[in-house]
Amino acid sequence: MKDLRDAAVIAMAFIIIKLVFRLIPPSERFFSLFENGVWVGLGIIFTAYLILFVIVFLILVVKRRRMEKG
């Protein structure tokens, strides 16, 4: 359970940092996500979060398994 929580926090931090950098002028890059609609833009953001979450989770699990073994 700790792996899930840690992966969620780390992935959310990466997504927030990326979105904040996109909002810094010029913000055209951020608004370009929503050119095809709000739901498409939100879908892109949530898909990026989900992919990043899975990657971070796998890294944390592998790292902790190696630490337990030796």
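Which residues does Ala11 touch, not counting residues up to four places away in sequence? I looked this up and found that Ala11 touches Tyr49, Leu52 and Phe53, where contact means heavy atoms within 4.5 Å.

Before going on, I noted that this is a predicted model, in which local features need pLDDT of at least 70 and side-chain atom pairs count only at pLDDT 80 or more, while totals for chains, interfaces and linings use all residues. Residues are numbered from 1 along each chain as its sequence is written, and side-chain values use heavy atoms, with hydrogens and water left out.

**Ala11 and Ala48**

I placed Ala11 in helix α1 and Ala48 in helix α3; helices here are DSSP runs (H or I, at least four residues; strands are E, at least two), numbered from the N terminus. Ala11 counts as buried because its relative accessibility is 0%, whereas Ala48, at 36%, counts as partly exposed. For these words I used the cut-offs of under 20% relative accessible area for buried, over 50% for exposed and partly exposed in between, with a 1.4 Å probe and protein chains only. The two alanines, Ala11 and Ala48, are 37 residues apart in sequence and 9.3 Å apart in space, C-alpha to C-alpha.

**The two helices**

I then turned to the helices themselves, and noted that the axes of α1 (residues 2–23) and α3 (residues 38–69) come within 8 Å and cross at roughly 135°. Axes are lines fitted to C-alpha atoms, for helices over the stretch in contact, and angles run from 0 to 180 degrees between N-to-C directions. The pair α1 and α3 is therefore oblique, since angles under 35 degrees count as roughly parallel, over 145 as roughly antiparallel, 65 to 115 as roughly perpendicular and the rest as oblique.

For the contact, I listed residues on both sides, including Asp3, Asp6, Ala11 and Phe14 of α1 and Ala48, Phe53, Phe57 and Arg64 of α3. By class, the contact of α1 with α3 has 18 nonpolar residues, no polar ones and four charged ones. In this count Ala, Val, Leu, Ile, Met, Phe, Trp, Tyr, Cys and Pro are nonpolar, Asp, Glu, Lys and Arg are charged, and the others, Gly among them, are polar.

**Two aspartates of α1**

Is Asp3 buried or exposed? I found that Asp3, which lies in helix α1, counts as buried at 17% relative accessibility. Beyond residues up to four places away in sequence, Asp3 touches Phe57, Leu60, Val61 and Arg64. Asp6 also lies in helix α1 and is buried, with a relative accessible area of 17%; leaving aside neighbours within four places in sequence, Asp6 is in contact with Leu60 and Arg64.

**Aromatic rings**

My search of the whole structure gave two aromatic pairs. Phe53 and Phe57 form a stacked pair, 6.2 Å centre to centre with 15° between the planes. Rings of Phe, Tyr and Trp (its six-membered ring) pair if their centres lie within 6.5 Å, and planes under 30 degrees apart count as stacked, over 60 as edge-to-face and the rest as tilted. Both Phe53 and Phe57 lie in helix α3, four residues apart, about one turn of the helix. Phe53 counts as buried at 19% relative accessibility, while Phe57 counts as partly exposed at 24%. Ring pairs link Tyr49, Phe53 and Phe57 into a cluster.
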